Amino acid sequence: MSLTPGKLAGLKAVSDPRGVIAAAAMDQRGSLQKSLAKERGAAADAADLEEFKILVTEVLTKHASAILLDPEFGLPASHRRNGKGLLLAYEKTGYDSNTPGRLPDLLDLWSVRRLKEAGADCIKILLYYTPFEKSPINDHKQAWIERIGDECRAHDIAFFLEFVGYDADGGDEKSVAYAKKKPSIVSGSMAEFGKEKYGVDVLKVEVPIEMSFVEGTRAFKGERAYTRAEALQHFRDAELMTHKPFIYLSAGVSNPVFIETLELAAESGTKFNGVLCGRATWKDGIPIYAKQGATAFEDWLNTEGVKNIGNVNQALKAASPWYPKVGIKG
(Lines give C-alpha, C1' and ligand atoms only; values in the text may rest on other atoms or scores of the structure.)
Protein backbone atom coordinates (compact mmCIF):
# COMPACT_ATOMS: atom_id res chain seq x y z
CA MET A 1 0.00 0.00 0.00
CA SER A 2 1.36 3.44 -0.92
CA LEU A 3 -0.17 6.84 -0.27
CA THR A 4 -0.48 9.89 -2.49
CA PRO A 5 0.99 13.15 -1.10
CA GLY A 6 -2.35 14.53 0.12
CA LYS A 7 -3.38 11.31 1.84
CA LEU A 8 0.05 10.94 3.45
CA ALA A 9 -0.04 14.53 4.71
CA GLY A 10 -3.50 13.92 6.16
CA LEU A 11 -2.44 10.80 8.05
CA LYS A 12 0.62 12.57 9.44
CA ALA A 13 -1.55 15.50 10.52
CA VAL A 14 -3.75 13.28 12.70
CA SER A 15 -0.93 11.16 14.16
CA ASP A 16 1.59 11.63 16.95
CA PRO A 17 5.32 11.79 16.18
CA ARG A 18 5.58 7.98 16.44
CA GLY A 19 3.04 7.45 13.66
CA VAL A 20 0.30 6.36 16.07
CA ILE A 21 -3.19 7.86 15.79
CA ALA A 22 -4.12 9.04 19.29
CA ALA A 23 -7.29 10.88 18.32
CA ALA A 24 -10.33 11.99 20.27
CA ALA A 25 -13.84 11.57 18.83
CA MET A 26 -16.56 14.20 19.28
CA ASP A 27 -18.81 13.69 16.23
CA GLN A 28 -21.81 12.36 18.16
CA ARG A 29 -24.98 14.24 17.27
CA GLY A 30 -28.37 12.59 17.80
CA SER A 31 -27.18 10.32 20.62
CA LEU A 32 -25.47 13.22 22.42
CA GLN A 33 -28.54 15.42 22.11
CA LYS A 34 -30.74 12.67 23.59
CA SER A 35 -28.31 12.02 26.44
CA LEU A 36 -28.09 15.70 27.35
CA ALA A 37 -31.87 16.07 27.26
CA LYS A 38 -32.35 12.96 29.41
CA GLU A 39 -29.94 14.19 32.08
CA ARG A 40 -31.31 17.74 32.04
CA GLY A 41 -34.96 16.74 31.93
CA ALA A 42 -35.45 19.30 29.16
CA ALA A 43 -34.52 19.67 25.50
CA ALA A 44 -30.92 20.19 24.35
CA ASP A 45 -30.53 22.43 21.31
CA ALA A 46 -27.86 23.17 18.69
CA ALA A 47 -26.19 25.74 20.96
CA ASP A 48 -25.75 23.06 23.65
CA LEU A 49 -24.14 20.67 21.18
CA GLU A 50 -21.79 23.35 19.85
CA GLU A 51 -20.74 24.42 23.33
CA PHE A 52 -20.23 20.83 24.53
CA LYS A 53 -18.04 20.08 21.50
CA ILE A 54 -16.00 23.28 21.94
CA LEU A 55 -15.23 22.43 25.58
CA VAL A 56 -14.26 18.83 24.82
CA THR A 57 -12.09 19.94 21.91
CA GLU A 58 -10.34 22.76 23.77
CA VAL A 59 -9.38 20.52 26.69
CA LEU A 60 -8.77 17.09 25.20
CA THR A 61 -6.82 18.07 22.09
CA LYS A 62 -4.04 19.21 24.43
CA HIS A 63 -3.57 15.48 25.02
CA ALA A 64 -4.59 14.00 21.64
CA SER A 65 -3.07 13.89 18.16
CA ALA A 66 -6.36 14.92 16.47
CA ILE A 67 -10.09 15.41 16.92
CA LEU A 68 -13.00 13.93 14.98
CA LEU A 69 -15.90 16.37 14.62
CA ASP A 70 -19.06 16.73 12.54
CA PRO A 71 -19.68 19.72 10.26
CA GLU A 72 -23.23 20.20 11.56
CA PHE A 73 -22.37 21.26 15.12
CA GLY A 74 -18.60 20.86 15.35
CA LEU A 75 -17.16 23.56 13.09
CA PRO A 76 -16.88 26.18 15.89
CA ALA A 77 -14.96 23.57 17.91
CA SER A 78 -12.68 22.85 14.95
CA HIS A 79 -11.09 26.28 15.45
CA ARG A 80 -10.21 25.47 19.09
CA ARG A 81 -8.20 22.29 18.58
CA ASN A 82 -4.77 23.47 19.75
CA GLY A 83 -3.15 22.99 16.36
CA LYS A 84 -3.95 19.27 16.20
CA GLY A 85 -5.28 17.32 13.20
CA LEU A 86 -8.92 17.37 12.11
CA LEU A 87 -11.16 14.58 10.84
CA LEU A 88 -14.65 15.51 9.70
CA ALA A 89 -17.61 13.13 9.50
CA TYR A 90 -19.45 12.93 6.16
CA GLU A 91 -22.41 10.71 7.04
CA LYS A 92 -25.78 11.60 8.51
CA THR A 93 -26.15 10.55 12.11
CA GLY A 94 -28.10 7.33 12.83
CA TYR A 95 -30.20 5.39 10.35
CA ASP A 96 -33.85 4.91 9.41
CA SER A 97 -35.12 2.10 11.64
CA ASN A 98 -38.17 1.65 9.39
CA THR A 99 -35.97 0.54 6.47
CA PRO A 100 -34.26 -2.87 6.68
CA GLY A 101 -30.49 -3.07 6.71
CA ARG A 102 -29.47 0.13 8.54
CA LEU A 103 -28.76 1.88 5.23
CA PRO A 104 -26.39 4.86 5.26
CA ASP A 105 -26.78 8.36 3.88
CA LEU A 106 -24.54 11.40 3.39
CA LEU A 107 -25.03 14.89 4.77
CA ASP A 108 -27.11 16.84 2.24
CA LEU A 109 -25.12 20.07 2.11
CA TRP A 110 -21.62 18.62 2.29
CA SER A 111 -19.14 17.01 -0.10
CA VAL A 112 -15.53 15.89 0.24
CA ARG A 113 -14.53 19.13 -1.46
CA ARG A 114 -16.49 21.21 1.07
CA LEU A 115 -15.18 19.22 4.07
CA LYS A 116 -11.61 19.71 2.85
CA GLU A 117 -12.25 23.42 2.36
CA ALA A 118 -13.61 23.53 5.94
CA GLY A 119 -10.21 22.34 7.18
CA ALA A 120 -10.47 18.54 7.22
CA ASP A 121 -7.19 16.63 7.08
CA CYS A 122 -9.13 13.37 6.72
CA ILE A 123 -12.68 12.25 5.91
CA LYS A 124 -14.52 9.80 8.15
CA ILE A 125 -17.53 7.65 7.30
CA LEU A 126 -19.52 5.41 9.65
CA LEU A 127 -21.20 2.35 8.17
CA TYR A 128 -23.36 -0.24 9.92
CA TYR A 129 -22.17 -3.49 8.38
CA THR A 130 -22.21 -7.25 8.77
CA PRO A 131 -20.97 -9.76 6.19
CA PHE A 132 -24.05 -11.86 7.03
CA GLU A 133 -26.60 -9.32 5.78
CA LYS A 134 -28.65 -10.01 2.62
CA SER A 135 -26.61 -9.54 -0.57
CA PRO A 136 -28.75 -6.70 -2.05
CA ILE A 137 -28.27 -4.64 1.12
CA ASN A 138 -24.51 -5.22 1.25
CA ASP A 139 -24.21 -4.51 -2.48
CA HIS A 140 -25.86 -1.16 -1.81
CA LYS A 141 -23.41 -0.38 1.01
CA GLN A 142 -20.35 -1.53 -0.92
CA ALA A 143 -21.22 0.63 -3.94
CA TRP A 144 -21.78 3.58 -1.59
CA ILE A 145 -18.31 3.18 -0.08
CA GLU A 146 -16.77 2.83 -3.56
CA ARG A 147 -18.26 6.22 -4.51
CA ILE A 148 -16.91 7.89 -1.38
CA GLY A 149 -13.51 6.30 -1.93
CA ASP A 150 -13.41 7.70 -5.46
CA GLU A 151 -14.43 11.14 -4.18
CA CYS A 152 -11.57 11.07 -1.63
CA ARG A 153 -9.13 9.96 -4.33
CA ALA A 154 -10.23 12.84 -6.56
CA HIS A 155 -9.51 15.35 -3.79
CA ASP A 156 -6.41 13.50 -2.51
CA ILE A 157 -7.57 13.29 1.10
CA ALA A 158 -7.29 10.37 3.51
CA PHE A 159 -10.40 8.23 3.99
CA PHE A 160 -11.18 6.66 7.39
CA LEU A 161 -13.96 4.05 7.35
CA GLU A 162 -15.62 3.11 10.64
CA PHE A 163 -17.85 0.07 10.55
CA VAL A 164 -20.11 -0.99 13.38
CA GLY A 165 -21.52 -4.50 13.38
CA TYR A 166 -25.05 -5.64 14.09
CA ASP A 167 -27.12 -8.82 14.06
CA ALA A 168 -28.64 -9.28 10.61
CA ASP A 169 -31.23 -11.61 12.19
CA GLY A 170 -32.44 -8.93 14.57
CA GLY A 171 -30.95 -10.47 17.70
CA ASP A 172 -29.89 -8.59 20.82
CA GLU A 173 -26.42 -7.10 20.28
CA LYS A 174 -25.78 -7.13 24.02
CA SER A 175 -26.34 -10.90 24.28
CA VAL A 176 -23.84 -13.74 24.56
CA ALA A 177 -25.18 -15.09 21.25
CA TYR A 178 -24.14 -11.91 19.46
CA ALA A 179 -20.80 -11.86 21.30
CA LYS A 180 -20.04 -15.24 19.73
CA LYS A 181 -20.85 -13.87 16.25
CA LYS A 182 -18.85 -10.67 16.68
CA PRO A 183 -15.37 -12.01 15.82
CA SER A 184 -16.61 -13.15 12.41
CA ILE A 185 -18.49 -9.89 11.82
CA VAL A 186 -15.43 -7.74 12.61
CA SER A 187 -12.96 -9.95 10.72
CA GLY A 188 -15.24 -10.23 7.69
CA SER A 189 -15.76 -6.47 7.56
CA MET A 190 -12.01 -5.82 7.80
CA ALA A 191 -11.37 -8.27 4.97
CA GLU A 192 -14.00 -6.68 2.73
CA PHE A 193 -13.16 -3.01 3.15
CA GLY A 194 -9.42 -3.51 3.02
CA LYS A 195 -9.83 -4.18 -0.71
CA GLU A 196 -8.24 -1.53 -2.89
CA LYS A 197 -11.43 -0.81 -4.83
CA TYR A 198 -12.86 1.01 -1.82
CA GLY A 199 -9.97 3.45 -1.48
CA VAL A 200 -10.04 3.28 2.33
CA ASP A 201 -6.80 4.42 3.96
CA VAL A 202 -7.50 3.61 7.63
CA LEU A 203 -10.01 1.13 9.03
CA LYS A 204 -11.65 2.29 12.26
CA VAL A 205 -12.79 -1.00 13.77
CA GLU A 206 -14.53 -2.46 16.76
CA VAL A 207 -12.48 -4.86 18.82
CA PRO A 208 -13.44 -8.40 17.75
CA ILE A 209 -14.79 -9.43 21.15
CA GLU A 210 -17.23 -8.20 23.79
CA MET A 211 -15.22 -7.62 26.95
CA SER A 212 -18.02 -8.41 29.38
CA PHE A 213 -18.09 -11.98 28.03
CA VAL A 214 -14.32 -12.63 28.24
CA GLU A 215 -13.63 -14.98 31.13
CA GLY A 216 -10.66 -13.88 33.21
CA THR A 217 -10.99 -10.14 32.63
CA ARG A 218 -12.00 -7.41 35.08
CA ALA A 219 -14.90 -6.57 32.75
CA PHE A 220 -16.30 -10.13 32.85
CA LYS A 221 -19.89 -10.27 34.11
CA GLY A 222 -20.25 -14.02 34.59
CA GLU A 223 -21.55 -15.30 31.24
CA ARG A 224 -18.77 -16.63 29.02
CA ALA A 225 -18.53 -16.32 25.25
CA TYR A 226 -14.77 -16.86 25.12
CA THR A 227 -11.86 -17.76 27.36
CA ARG A 228 -9.06 -15.23 27.65
CA ALA A 229 -6.94 -17.32 25.27
CA GLU A 230 -9.74 -17.44 22.71
CA ALA A 231 -10.23 -13.67 22.96
CA LEU A 232 -6.53 -13.08 22.34
CA GLN A 233 -6.69 -15.28 19.26
CA HIS A 234 -9.68 -13.33 17.93
CA PHE A 235 -7.55 -10.17 18.03
CA ARG A 236 -4.81 -11.94 16.06
CA ASP A 237 -7.24 -13.43 13.54
CA ALA A 238 -8.83 -10.04 12.84
CA GLU A 239 -5.43 -8.44 12.25
CA LEU A 240 -4.67 -11.02 9.56
CA MET A 241 -7.71 -9.89 7.57
CA THR A 242 -6.13 -6.68 6.27
CA HIS A 243 -2.82 -5.04 5.35
CA LYS A 244 -4.33 -1.59 5.94
CA PRO A 245 -3.64 0.59 8.98
CA PHE A 246 -6.39 0.07 11.54
CA ILE A 247 -7.40 1.74 14.78
CA TYR A 248 -9.88 0.84 17.49
CA LEU A 249 -13.04 2.72 18.45
CA SER A 250 -14.24 2.78 22.04
CA ALA A 251 -17.86 1.89 21.18
CA GLY A 252 -19.34 3.68 24.16
CA VAL A 253 -17.72 1.54 26.88
CA SER A 254 -16.39 3.05 30.09
CA ASN A 255 -12.82 4.26 30.38
CA PRO A 256 -11.70 1.30 32.56
CA VAL A 257 -13.22 -1.22 30.13
CA PHE A 258 -11.61 0.46 27.11
CA ILE A 259 -8.22 0.52 28.83
CA GLU A 260 -8.51 -3.19 29.63
CA THR A 261 -9.52 -3.80 26.01
CA LEU A 262 -6.35 -2.10 24.76
CA GLU A 263 -4.32 -4.09 27.30
CA LEU A 264 -5.80 -7.28 25.85
CA ALA A 265 -4.96 -6.13 22.30
CA ALA A 266 -1.40 -5.50 23.44
CA GLU A 267 -1.19 -8.89 25.14
CA SER A 268 -2.30 -10.53 21.89
CA GLY A 269 0.61 -8.93 20.03
CA THR A 270 -1.74 -7.22 17.56
CA LYS A 271 -0.10 -4.34 15.68
CA PHE A 272 -2.99 -1.89 15.88
CA ASN A 273 -2.18 1.69 14.90
CA GLY A 274 -4.05 3.75 17.47
CA VAL A 275 -7.55 4.77 18.50
CA LEU A 276 -10.34 7.19 17.80
CA CYS A 277 -11.73 7.37 21.30
CA GLY A 278 -14.87 9.31 22.17
CA ARG A 279 -17.26 8.43 24.93
CA ALA A 280 -14.66 6.56 27.00
CA THR A 281 -13.07 9.94 27.73
CA TRP A 282 -15.99 12.40 28.06
CA LYS A 283 -19.24 10.41 28.49
CA ASP A 284 -19.31 10.68 32.28
CA GLY A 285 -19.28 14.47 31.94
CA ILE A 286 -22.67 14.58 30.21
CA PRO A 287 -24.68 14.88 33.46
CA ILE A 288 -22.24 17.53 34.70
CA TYR A 289 -22.84 19.73 31.65
CA ALA A 290 -26.59 19.03 31.58
CA LYS A 291 -27.21 19.81 35.25
CA GLN A 292 -24.41 22.19 36.29
CA GLY A 293 -23.47 23.98 33.08
CA ALA A 294 -20.41 24.77 30.99
CA THR A 295 -18.03 25.93 33.74
CA ALA A 296 -18.57 22.82 35.84
CA PHE A 297 -18.14 20.63 32.76
CA GLU A 298 -14.90 22.38 31.81
CA ASP A 299 -13.61 21.78 35.35
CA TRP A 300 -14.59 18.12 35.06
CA LEU A 301 -12.81 17.82 31.70
CA ASN A 302 -9.64 19.35 33.12
CA THR A 303 -9.58 16.76 35.89
CA GLU A 304 -11.46 13.54 35.10
CA GLY A 305 -11.47 13.99 31.32
CA VAL A 306 -7.72 14.58 31.23
CA LYS A 307 -7.21 11.59 33.51
CA ASN A 308 -9.29 9.43 31.14
CA ILE A 309 -7.38 10.45 28.02
CA GLY A 310 -4.13 10.03 29.94
CA ASN A 311 -5.14 6.43 30.62
CA VAL A 312 -5.76 5.92 26.90
CA ASN A 313 -2.39 7.45 25.98
CA GLN A 314 -0.63 5.18 28.46
CA ALA A 315 -2.31 2.14 26.88
CA LEU A 316 -1.33 3.42 23.42
CA LYS A 317 2.32 2.81 24.20
CA ALA A 318 1.53 -0.70 22.94
CA ALA A 319 0.28 0.59 19.56
CA SER A 320 2.40 0.34 16.43
CA PRO A 321 3.17 3.07 13.88
CA TRP A 322 1.27 2.88 10.60
CA TYR A 323 4.36 3.87 8.61
CA PRO A 324 5.47 0.31 7.67
CA LYS A 325 1.99 -0.49 6.35
CA VAL A 326 2.28 2.27 3.75
CA GLY A 327 5.88 1.57 2.87
CA ILE A 328 7.63 4.52 4.52
CA LYS A 329 10.14 4.90 7.34
CA GLY A 330 9.17 6.84 10.43
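Helices here are DSSP runs of H or I with at least four residues, strands are E runs of at least two, and both are numbered from the N terminus. This is a predicted model, where local features need pLDDT of at least 70, side-chain atom pairs count only at pLDDT 80 or more, and totals for chains, interfaces and linings use all residues. Residues are numbered from 1 along each chain as its sequence is written, and side-chain values use heavy atoms, with hydrogens and water left out.

**View A. The largest cavity and its lining.** Strand E1 (21–25), strand E8 (274–277) and helix H12 (294–315) each give at least two residues to this lining. A cavity is a set of points on a 1 Å grid over the protein atoms alone where a 1.4 Å probe fits but cannot get out, and lining residues have an atom within 4 Å of a point. The count is one cavity of 30 Å³ or more.

**View B. The largest pocket, at about 1500 Å³.** A pocket is an open set of points with protein on both sides within 12 Å along at least five of seven lines. Here 45 residues do the lining, and Val 164, Lys 174, Ala 251, Gly 252 and Arg 279 lie nearest the centre. Elements that give two or more residues include strand E5 (158–164), helix H7 (176–193) and helix H9 (255–268). The lining splits into 17 nonpolar, 11 polar and 17 charged residues.

**View C. Ser 175, in the loop between E5 and H7.** A polar atom of the Ser 175 side chain sits 2.7 Å from the backbone oxygen of Asp 172. The Ser 175 side chain also reaches the backbone nitrogen of Tyr 178, at 3.2 Å.

**View D. Helix H8 (residues 228–239) packing with H9.** The angle is about 75 degrees and the axes are 9 Å apart, with axes fitted to C-alpha atoms over the stretch in contact and angles running from 0 to 180 degrees between N-to-C directions. H8 and H9 are therefore roughly perpendicular (65 to 115 degrees). In contact, meaning heavy atoms within 4.5 Å, are residues including Leu 232 and Phe 235 of H8 and Leu 264 and Ala 265 of H9.

How values were computed: Grid points are joined across faces, edges and corners, and a volume is the space filled by probe spheres set on the points. Ala, Val, Leu, Ile, Met, Phe, Trp, Tyr, Cys and Pro count as nonpolar, Asp, Glu, Lys and Arg as charged, and the others, Gly among them, as polar. A polar contact is a pair of N or O atoms within 3.5 Å; within protein, one must be able to donate a hydrogen and the other to accept it, and residues adjacent in sequence count only if both atoms are side-chain atoms. Angles under 35 degrees count as roughly parallel, over 145 as roughly antiparallel, 65 to 115 as roughly perpendicular and the rest as oblique.
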